[in-house]
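Me: I would like a close look at a single part of the structure shown here. Please set that part in its wider context.
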Amino acid sequence: MNIDRIRSAFPILQRRNYLNSCSLGALSDRAEERLRIFVANWNDYGASAWYDHWWGLLGELRGRVETLFAAPAGTVALMPSTSACLAAISSSLDWTKRNRIVTTELDFPTLLYQWKVHPDAEMVVLRSPDGVHIDPQQFAGTVDDRTLAIATSHVFFTTGAIQDLAAIAGIARQAGAYSLIDGYQGAGQIPVDLPTTGVDFYTAGPLKWLCGGPGLAYLYVRDALIPTLEPTLTSWFASQDQFDFNPGEFRYHTDARRFELGTPALATVHTALGGQEIVDEVGMEAIRTRNVMLTDRLVDGCRAAGFSPRVSDVPSARSAVITIRHRDPAPAVAHLAQRSIIVDNRPGVVRASPHFYNTPNEIDEFLEVLGETVP
Ligand SMILES: Cc1ncc(COP(=O)(O)O)c(C=O)c1O
């Protein structure tokens, strides 16, 4: 990995110590250039840009995400948001025979809200005994013949703990339930081979670790499952005969596009491809190796300075989302920002999330300035 070359592709890194990729991945010059081309084509060709330029990019993006997931062609749909993915999945399930969703208190709120407002859903929310992990056995102890799905995260946004997707998918399948994984904090920082894990649904997006900006999400559906599901939240992009423009006929696409919900955000398709190109070139194994090096340094440094990071002690379960307990996180984050160090705060914690483009020196600088605040 040529770190100087990589860093020169992300202008923000010349101006700031940017350690907040779990909120928003850095913008690259490649993404910016793609966006410039989008605007130029829009200006030059108007709607005909669809035929010569934009339509093909939708296919390119689906394909690159399928490669990222080690998934077969036709298993990824382009969606507006994770929440929209969840709604489309929910609309495709049969709620009459099973209605229980098993989820956890560490998951992102939108993953719980989807079932909270569903008139037929009954939720089981698993508690984390250590505030960091959920043991796969907790899922196993809860699922039964009333369980419709286990819905949980690949990486918890709250603690950065990485879950064992193969174990969760196996537990769900054995009970006759679906596995639905929110991978927003996983894809782009952790290598994923979704067919090997056996998960049924996996949602992700370009916003964070894939450095592609806001406005899109990716929905993976296990290939054998696709023909069995008919979402009732739908659109013309889900139609196999999209360009027949025949309102009297509707047939679902044979692939994952049957979940799509209308025209994708084209500006984001461009920025997402720019970010994705860099991630693909660097490679997920190299990204993970570098992020482990940076986060080990961050966690060890925090502990040496008397701070208490809320992270997994199991190396394989620790990701680059590092939450550090703090009595006054908002002023601490503001203090760091005054020194051009960008991190975030959540209730009771300062949250730092380095990515492959960061350096050990940036981690040390963050630790030094954090040390000027009181744990
Ligand atoms: C784990 C996780 N899931 C989902 C989301 C966002 O969901 P949506 O795309 O619906 O805004 C986020 C953060 O923005 C997240 O961290």
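With which residue does the side chain of Arg7 meet in a salt bridge?

Reply: The side chain of Arg7 meets that of Glu362 in a salt bridge, at 3.0 Å from N to O (Lys or Arg side-chain nitrogen within 4 Å of an Asp or Glu carboxyl oxygen). The model is predicted, so local features need pLDDT of at least 70 and side-chain atom pairs 80 or more, whereas totals for chains, interfaces and linings use all residues. Numbering starts from 1 along each chain as its sequence is written, and side-chain values use heavy atoms, without hydrogens or water.

Arg7 belongs to helix α1 (residues 3-8) and Glu362 to helix α13 (residues 360-370), so the pair ties together parts 355 residues apart in sequence (helices are DSSP runs of H or I, at least four residues, numbered from the N terminus). The whole structure holds 24 salt bridges, but the count between domain 1 and domain 2 is 0.

Domain 1 comprises 3-27 + 284-370, and domain 2 comprises 35-279 (bounds from an automatic or database assignment). Their centres, taken over C-alpha atoms, are 27 Å apart. To the contact (heavy atoms within 4.5 Å), domain 1 gives 29 residues and domain 2 gives 22. The two domains bury about 2100 Å² between them, 63% of it on carbon and sulfur atoms (accessible area lost on being put together, 1.4 Å probe, summed over both parts). On the domain 1 side, Met284, Arg310 and Val321 lose the most area to domain 2, together 25% of what that side buries.

Elsewhere, Arg34, Phe38, Asn41, Trp42 and Tyr45 of helix α3 meet Ala49, His53, Trp54, Leu57 and Glu60 of helix α4.

Conventions:
Helix = DSSP H or I, 4+ residues; strand = E, 2+ residues; numbered from the N terminus.
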